[in-house]
Amino acid sequence: MVPLVAVLIAASVLMVMFHRQERANERNRAEALDRTAALARSYAREVTAAPNGFPGQEAVRDIAERHDGMLLSYARSEDSLTTTVRFFGEYEDTSMFGVSHSRAYRCYSIVLRKGAEGVPQARTSPLERCDVM
C-alpha cells in the first residue's frame, strides 16, 4: 500500500510541476510577443524620423535589423511607404530537463503617410499571418 501511495504522490507532484512550467512558458511567450509590439513601434519611429522623406529599401532593412526584425516587403510611393516586418522576441522555455531559449515572432504592417504638414505619420498593425515573402 505504501509504494502505491508514494507513486501517486510522485505523479501528482510531477503533474503540478508540469502545469506550472507550461503556464510560465505561455506567460514568457506572451511577454516576448508584447516586446515585438514595442519593437515595431520603435522601428516605425525611427523610419518616420529619417531625413529627406522616406528611406530606401536598404536603409529600411538596416533599421528593421537593428530592432530585431526582418524586412519582408517594401512598397514606396510619392506620399507613402508600406513595409511588412517580422519582429522576434526571445524568451526562456523551461522543461523538466532544463532551460532552453526560444524565439517568438509576429509580423506587422507599418504604413507611413505624409500628413497635412508633410510630416510622416505611422500606423502599425499586427498581422495574423506572415505570408509575404
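Predicted model: local features only at pLDDT ≥ 70, side-chain atom pairs only at ≥ 80, totals over all residues.

**Entry 1: Phe-88.** Phe-88 has a relative accessibility of 19%, and the cut-off for buried is under 20%, so I noted Phe-88 as buried.

**Entry 2: Tyr-105.** I then checked Tyr-105 and found a relative accessible area of 44%, which makes Tyr-105 partly exposed.

**Entry 3: counting ring pairs.** How many aromatic pairs does the structure hold? I noted 3. To describe each one I wanted two values, since a pair of aromatic rings is described by the distance of the centres and the angle of the planes.

I looked up Tyr-43 and Phe-87 next: their ring centres are 5.7 Å apart and their planes stand at 65°, so I wrote this pair down as edge-to-face. Tyr-43 belongs to helix α1 (residues 2-48) and Phe-87 to strand β2 (residues 80-95), so the pair ties together parts that are 44 residues apart in sequence. Are these two residues buried or exposed? Both Tyr-43 and Phe-87 are buried.

Then I returned to Phe-88 and Tyr-105. With centres 6.2 Å apart and planes at 55°, their rings form a tilted pair. Phe-88 is in strand β2 and Tyr-105 in strand β3 (residues 98-114), so here the parts tied together are 17 residues apart in sequence.

**Entry 4: charges over rings.** Which residue has its charged end over the ring of Tyr-105? I found Arg-86 there, 4.8 Å from the ring centre. For Phe-88 I noted Arg-103, which lies over the face of the ring at 4.0 Å from its centre.

**Entry 5: helix α2.** I moved on to α2, residues 57-66, and listed Val-60, Ile-63 and Ala-64 as buried. Viewed down the axis of α2, the buried residues fall within an arc of 100°, so they line one face of the helix.

**Entry 6: just past the helix.** Last, I looked at the backbone just after α2, where Asp-68 takes a positive phi of about 55°.

Notes:
Residues numbered from 1 in each chain as written. Heavy atoms only, no water. Phe/Tyr/Trp six-rings, centres within 6.5 Å; stacked < 30°, edge-to-face > 60°. Helix = DSSP H or I, 4+ residues; strand = E, 2+ residues; numbered from the N terminus. Buried < 20%, exposed > 50% of the residue type's maximum accessible area, 1.4 Å probe, protein only. Lys NZ or Arg CZ within 6 Å of the ring centre and 35° of its normal. Arc of directions from axis to C-beta.
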